[in-house]
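Hi,

Here is the structure I promised to pass on.

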Amino acid sequence: MRPRADQLCRIAQADAERVWELIANFASFGFCKAHAVTYGRISWRAAWLKTHHPAVFLASFLASDTGYYDARVYVEEARRLGVAILPPDVNQSGTSFAPEWIGGTAALRVGLGQVKGLSQKTLDALLAARAQRGPFVSLPEFLERTGAQKD
């Protein structure tokens with residue numbers, strides 16, 4: 001037979017008041033107010049940036065590689081917010097996600113580091129070749145300048 005709710009926990013009034021005093025005292029130092037204020041300010045600023053500059057905010061967030069979810073979840077969030085997603089481009093992309101302006105509107109450019117199967121060696125060679133001699137004009141030129149394999 002199960003006990004009734006009023007029989008489950010009988011605590012003397014004095015004991016309950018003592019426990020409540022301990023909880024109230026802990027609340028005054030249990031979570032540092034400086035941390036709470038700082039976290040609040042950072043949260044407010046992040047919310048403002050996401051609202052007013054979503055492409056730049058999400059590009060910075062994705063480049064930091066600190067999110068709880070996979071990058072694809074944040075890319076979908078960018079789409080939901082109306083941010084254009086630009087694919088990786090050997091002549092435009094860097095290693096990571098970056099904002100890119102098209103006609104005064106910020107879009108989210110996917111970085112070359114997101115390309116599956118692209119080795120770090122090839123990525124470094126690609127960025128160095130592009131920095132040295134400018135954009136690639138054809139696939140054969142790209143392969144020649146970067147040393148990439150056509151597999």
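Arg79 is partly exposed, at 44% relative accessibility, and its salt-bridge partner Glu76 is partly exposed too, at 45%. Their side chains meet at 2.6 Å, N to O. Both sit in helix α5 (residues 71-80), three residues apart, about one turn of the helix. Bear in mind that this is a predicted model.

Helix α2 (residues 13-27) holds another pair, Arg18 and Glu21, again three residues apart. The closest N and O atoms of this salt bridge are 3.5 Å apart. Arg18 counts as partly exposed at 43%, and so does Glu21 at 44%.

Then there is helix α7 (residues 139-146), where Glu141 and Arg145 lie four residues apart. Their salt bridge has its closest N and O atoms 2.6 Å apart. Here both partners are buried, because burial means under 20% relative accessible area and Arg145 has 14%, Glu141 16%. Shared partners also link Lys50, Glu77 and Arg80 into one salt-bridge network.

In total, a search of the whole structure turns up seven salt bridges. The chain carries 18 positive and 14 negative side chains, with the centres of the two sets 2 Å apart.

As for the overall build, the chain has seven helices and three strands. A compact globule of 151 residues would have a radius of gyration near 15 Å, but this chain has 27 Å. Its C-alpha atoms fill a box of roughly 85 × 40 × 25 Å, and buried residues make up 22% of the chain.

Cheers

Methods. Residues numbered from 1 in each chain as written. Predicted model: local features only at pLDDT ≥ 70, side-chain atom pairs only at ≥ 80, totals over all residues. Heavy atoms only, no water. Helix = DSSP H or I, 4+ residues; strand = E, 2+ residues; numbered from the N terminus. Rg over C-alpha atoms; globule rule 2.2 N^0.38 Å. Buried < 20%, exposed > 50% of the residue type's maximum accessible area, 1.4 Å probe, protein only. Lys, Arg positive; Asp, Glu negative; His and termini not counted. Charge placed at Lys NZ, Arg CZ, Asp CG, Glu CD. Salt bridge = Lys/Arg side-chain N within 4 Å of Asp/Glu carboxyl O.
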